[in-house]
Amino acid sequence: MSLQRADFFVIGTDTGVGKSLVAAALLRHLGQERGRRTVGMKPVAAGTDWVNGRWCNDDVEALNAASNVQAPSAWVCPYLLREAMAPHIAAEHENITLRLDHLKACFAQLQTVSDSVVVEGAGGFIVPLNATETLADLAKALALPVVLVVGLRLGCLNHALLTAQAIRQAGLPLAGWVANHIDPEMPALAENIAALTLRLDAPCWAQIPWQGVALAAGTLPHVPFTLPLFDAPPP
Ligand SMILES: Nc1ncnc2c1ncn2[C@@H]1O[C@H](COP(=O)(O)OP(=O)(O)OP(=O)(O)O)[C@@H](O)[C@H]1O
Ligand SMILES: [Mg+2]
């Protein structure tokens, strides 16, 4: 019996707030604790290093390592851009136009080999992809429930609430949010989490503590998710 699909679009309040960490942990959870065939997708990765004879991106490597299906890299990361900068600018530098229809086709391919695709956004929710479209348009085109990673630092309440508003305006469900403690100096942590819990119209799926040191990209701590059940067979 095939499982009901559970695909998610992971976005963040900003760049560097833990999207990759959460997307990878979610892939692990869905694969190891929910028995799903999982694959990560990074639609646009900006910033590569030459490693072992090929261009690599940390986010793509982290998603691949956490997935239990290894799909062609052309589907997992359709646009692998050299320079670490805003995606549409990095693309312009390579004379590439980022196209939603191509991303949609690659996502559909990933769905054929998995039960869950976890898509990691780039930067924040309204990051431009090209002259007229943004990451929000991609989330809409894929019609995916959104998981919002809130990087707990000063300013996060405003960023989180603006992002939640934009998700609503896009007509997408906010499936859940994750509180990620990225700033060990953050004052009034518990009060900030309480303020978000009160105002974000979605369950908190996990709280990730500060790990004692800034983790190297790709390091994956255990994240105890409290996801709703979606594994019941369709009626
Ligand atoms: N709770 C935490 N404690 C310590 N380090 C963390 C924590 N969360 C994330 N990090 C580290 O912070 C860095 C940024 O996290 P991550 O790469 O997941 O962010 P991102 O939102 O995916 O960034 P980008 O916008 O570049 O894709 C990584 O090196 C990650 O390991
Ligand atoms: Mg990332």
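Of the 235 residues of the protein, 42% count as buried in this predicted model. The fold is built from eight helices and ten strands. With a radius of gyration of 17 Å, close to the 18 Å that the globule rule gives for 235 residues, the protein is as compact as a globular protein of that length.

**Overall dimensions and contacts**

- The C-alpha trace spans about 45 × 45 × 35 Å along the principal axes of the protein.

**Helix 5**

- Helix 5 covers residues 100-112, which is 13 residues.
- From its first C-alpha to its last, helix 5 reaches 19 Å, close to the 18 Å expected at 1.5 Å a residue.
- Leu 103, Cys 106, Phe 107 and Leu 110 are buried in helix 5.
- Seen down the axis of helix 5, the buried residues fall within an arc of 100°, so they line one face of the helix.
- An α-helix has 3.6 residues a turn, so residues three or four places apart point the same way.
- Asp 101, Ala 105, Ala 108 and Thr 112 are exposed on the other side of helix 5.

- Most residues other than glycine have a negative phi.
- Asn 52 is not a glycine, yet has a positive phi of about 45°.
- Asn 52 sits in the loop between strand 4 (49-51) and strand 5 (54-56).
- With 5 other C-beta atoms within 10 Å, Asn 52 is exposed; the cut-off for exposed is 12 or fewer.
- Asn 95 also has a positive phi, near 55°, in a residue other than glycine.
- The loop between helix 4 (87-93) and helix 5 holds Asn 95.
- Asn 95 is exposed, and 6 other C-beta atoms lie within 10 Å.

Methods
Residues numbered from 1 in each chain as written. Chains lettered and ligands numbered in written order. Predicted model: local features only at pLDDT ≥ 70, side-chain atom pairs only at ≥ 80, totals over all residues. Helix = DSSP H or I, 4+ residues; strand = E, 2+ residues; numbered from the N terminus. Rg over C-alpha atoms; globule rule 2.2 N^0.38 Å. Buried ≥ 20, exposed ≤ 12 C-beta atoms within 10 Å, placed from the backbone. Expected span 1.5 Å × (residues − 1). Arc of directions from axis to C-beta.
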